[in-house]
Amino acid sequence: MRRREDRRKAPRRRAFRVLLAASMALFLLTEGAVVFYPTWIRPEAADAIVVLGAQVGDAGPRPVYASRLKEAARLYREGYAPLIS
């Protein structure tokens with residue numbers, strides 16, 4: 001009786017493992033693209049540099065926003081755009 005139950009559960013386990021492996025592969029590919037995308041692209045000249053972020057508090061900008069501002073300043077200094085917005 002136990003072997004029949006194991007045989008019935010085997011396709012479900014296999015399907016679960018395949019789904020889990022596919023999900024992990026998709027996650028790793030997405031994370032890899034997010035991490036390495038900035039190294040694949042090169043900046044191009046533009047009319048303006050737009051920095052998206054949040055409100056700046058009393059302690060200054062948060063680290064993520066501060067890094068965006070630094071990158072925008074670098075691009076401005078290198079002459080990619082005449083305006084930061």
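Residues are numbered from 1 along each chain as its sequence is written, and side-chain values use heavy atoms, with hydrogens and water left out. Because the model is predicted, local features require a pLDDT of at least 70 and side-chain atom pairs count only at pLDDT 80 or more, whereas totals for chains, interfaces and linings use all residues.

The protein chain contains two helices and zero strands; these elements are DSSP runs numbered from the N terminus (helices, H or I, at least four residues; strands, E, at least two). The radius of gyration of the protein chain is 24 Å, well over the 12 Å that the globule rule gives for 85 residues, so the chain is more spread out than a compact globule. This radius is taken over C-alpha atoms, and the globule rule is 2.2 Å times the number of residues to the power 0.38. Along its principal axes, the C-alpha trace spans about 75 × 35 × 15 Å.

Of the 85 residues, 8% count as buried; the classes are buried (under 20% relative accessible area), exposed (over 50%) and partly exposed (in between), with a 1.4 Å probe and protein chains only. The accessible surface of the protein chain comes to about 8000 Å², and 60% of this surface belongs to carbon and sulfur atoms. Accessible areas come from the Shrake-Rupley method with a 1.4 Å probe, and for residues only the protein chains shown count as cover. Among contacts (heavy atoms within 4.5 Å) between residues at least 6 apart in sequence, 52% join residues at least 24 apart.

Helix 1 comprises residues 2-40 and includes tyrosine 37. At 45% relative accessibility, tyrosine 37 is classed as partly exposed. Together with Val34, Val35, Phe36, Trp40 and Ile41, Tyr37 makes a nonpolar surface patch of about 660 Å². Patches are made of residues with over 30% relative accessible area and no salt bridge, like charges being joined within 9 Å and nonpolar side chains (Val, Leu, Ile, Met, Phe, Trp, Tyr) within 5 Å. Methionine 24 also lies in helix 1 and is partly exposed, with a relative accessibility of 48%. Between methionine 24 and alanine 46, which are 22 residues apart in sequence, the C-alpha to C-alpha distance is 37 Å.

In soluble globular proteins, nonpolar side chains tend to be buried together. In the present model, the largest nonpolar core has six residues, namely Ile49, Val51, Tyr65, Ala72, Leu75 and Ala81. Such a core is a set of buried Ala, Val, Leu, Ile, Met, Phe, Trp, Tyr and Cys residues joined through side-chain atoms within 4.5 Å. Leucine 75 is placed in helix 2 and counts as buried at 15% relative accessibility. When neighbours within four places in sequence are left aside, leucine 75 contacts Pro43, Ile49, Tyr80 and Ala81. Its C-alpha atom is separated by 9.3 Å from that of alanine 45, 30 residues apart along the chain. Under the exclusion of residues up to four places away, alanine 72 touches Ile49, Val51 and Ile84.

Leucine 52 is located in the loop between helix 1 and helix 2. With a relative accessible area of 65%, leucine 52 is exposed. Beyond its neighbours within four places in sequence, leucine 52 is in contact with Tyr65 and Arg68. The C-alpha atoms of leucine 52 and arginine 68 are 7.9 Å apart, with a sequence separation of 16 residues.

Salt bridges, defined by a side-chain nitrogen of Lys or Arg within 4 Å of a carboxyl oxygen of Asp or Glu, number two. One joins the side chains of glutamate 71 and arginine 74 at 2.5 Å, N to O. Because these two residues are three residues apart in helix 2 (residues 63-77), about one helical turn separates glutamate 71 from arginine 74. Glutamate 71 is partly exposed at 36% relative accessibility, and arginine 74 is partly exposed at 29%. Arginine 74 also forms a salt bridge with glutamate 78, in which the closest N and O atoms are 2.9 Å apart. Through shared partners, salt bridges join Glu71, Arg74 and Glu78 into one network. Glutamate 78 has a relative accessible area of 47% and is therefore partly exposed.
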